[in-house]
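Please report on the fold, the packing and the surface of this protein.

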Amino acid sequence: MKKLESSLRNMVLVLVVAAMVTGGLLAWVNHITETPIRQQAKLALAEGIKMVMGGKAVKVERVDSISQWVDNKESCFVIHHIQGGGAAVETVTMGFGGDLKLLVGFSADGAILGYTVLQHAETPGLGAKADAWFQRGHKGNIIGKSPRQAPLTVKQDGGGVDAITASTITSRAFLKAVNQAYQAYTQGNVDTHTGATKHEKKG
């Protein structure tokens, strides 16, 4: 019986030591890789902002986070205000397969300068086409359009944007994310008397 107890105690001790060593190694690896990963993400975001703002060299003047209630749930939008006017807005909505996250660039007057898909869980070959479908030169082009007068919608819903072939749900989600990004961009920047944004009022 003593031999059995001794063996069990030794097994538990070995498992505890192994768990401690493994945990320590994981913590060390996480510490070593944390900074490079953070720097890489920062560089990727900077490149994304440059791309959605028309490929020009831009300088972010300030960053705001705005919360809005969308579909009975609170959503957070990150707005990168660009020096000289305009902004790149991080926006997310529910797509066909999961979260669809975009970075959308707007000029000072609210026209769409560009966009990039930051994250998606759409069906490969169909919904995943959103990264190119709505770009300039493609069938669903939204570059240069503005949601100011009315939200952007697909033609199936009476709008003027061609939906991705066989992916109407993803197309609706994409445009919803763009419209929400615009609303976040203009939130707090609207003259209650004229209805114009601060940038438009100055012009």
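Ser 171 counts as buried, because its relative accessibility is 0%. Buried here means under 20% relative accessible area, exposed means over 50%, and partly exposed lies in between (1.4 Å probe, protein chains only). Ser 171 is found in helix α3. Leaving aside neighbours within four places in sequence, Ser 171 is in contact with Phe 134, Val 154, Ala 163 and Ile 164. Contact means heavy atoms within 4.5 Å.

This is a predicted model: local features need pLDDT of at least 70, side-chain atom pairs count only at pLDDT 80 or more, and totals for chains, interfaces and linings use all residues. Residues are numbered from 1 along each chain as its sequence is written, and side-chain values use heavy atoms, with hydrogens and water left out.

**Fold.** The protein has four helices and five strands. Helices (H or I, at least four residues) and strands (E, at least two) are DSSP runs, numbered from the N terminus. Along the sequence the pattern reads α-β-β-β-β-β-α-α-α. Of the 203 residues, 36% count as buried. Among contacts with a separation of 6 or more, 46% join residues 24 or more positions apart.

**Cores.** A nonpolar core is a set of buried Ala, Val, Leu, Ile, Met, Phe, Trp, Tyr and Cys residues joined through side-chain atoms within 4.5 Å. The largest one has 32 residues. Phe 134, Ile 142 and Phe 174 have the most contacts inside it. β1 (60–70), β2 (73–82), β3 (87–94), β4 (99–106), β5 (112–119), α2 and α3 each supply at least two residues of this core. Helix α3 gives the most, with nine residues. Ile 142 is in contact with Ile 112, Tyr 115, Phe 134, Leu 152, Val 161, Phe 174, Leu 175 and Val 178, leaving aside neighbours within four places in sequence.

**Strand residues.** Thr 116 sits in strand β5. Its relative accessible area is 17%, so Thr 116 is buried. Not counting residues up to four places away in sequence, Thr 116 touches Met 51, Val 52, Lys 101, Leu 102 and Leu 103. Ser 65 is found in strand β1. Ser 65 touches Cys 76, Phe 77 and Val 78, again not counting residues up to four places away in sequence. Ser 65 and Glu 90 are 25 residues apart in sequence and 9.5 Å apart in space, C-alpha to C-alpha.

**Surface.** The accessible surface comes to about 12500 Å², of which 58% belongs to carbon and sulfur atoms. Areas come from the Shrake-Rupley method with a 1.4 Å probe; for residues, only the protein chains shown count as cover. Leu 8, Val 12, Val 16 and Met 20 make a nonpolar surface patch of about 390 Å². Leu 8 lies in helix α1 (residues 2–52).

Exposed residues:

| Residue | Relative accessibility |
|---|---|
| Ser 65 | 55% |
| Leu 8 | 53% |
| Ala 166 | 65% |

**Backbone.** Ala 166 is not a glycine, yet has a positive phi of about 65°. Ala 166 is in the loop between α2 (130–133) and α3 (168–186).

Note on methods. Patch = residues over 30% accessible without salt bridge, like charges linked within 9 Å, V, L, I, M, F, W, Y side chains within 5 Å. Salt bridge = Lys/Arg side-chain N within 4 Å of Asp/Glu carboxyl O.
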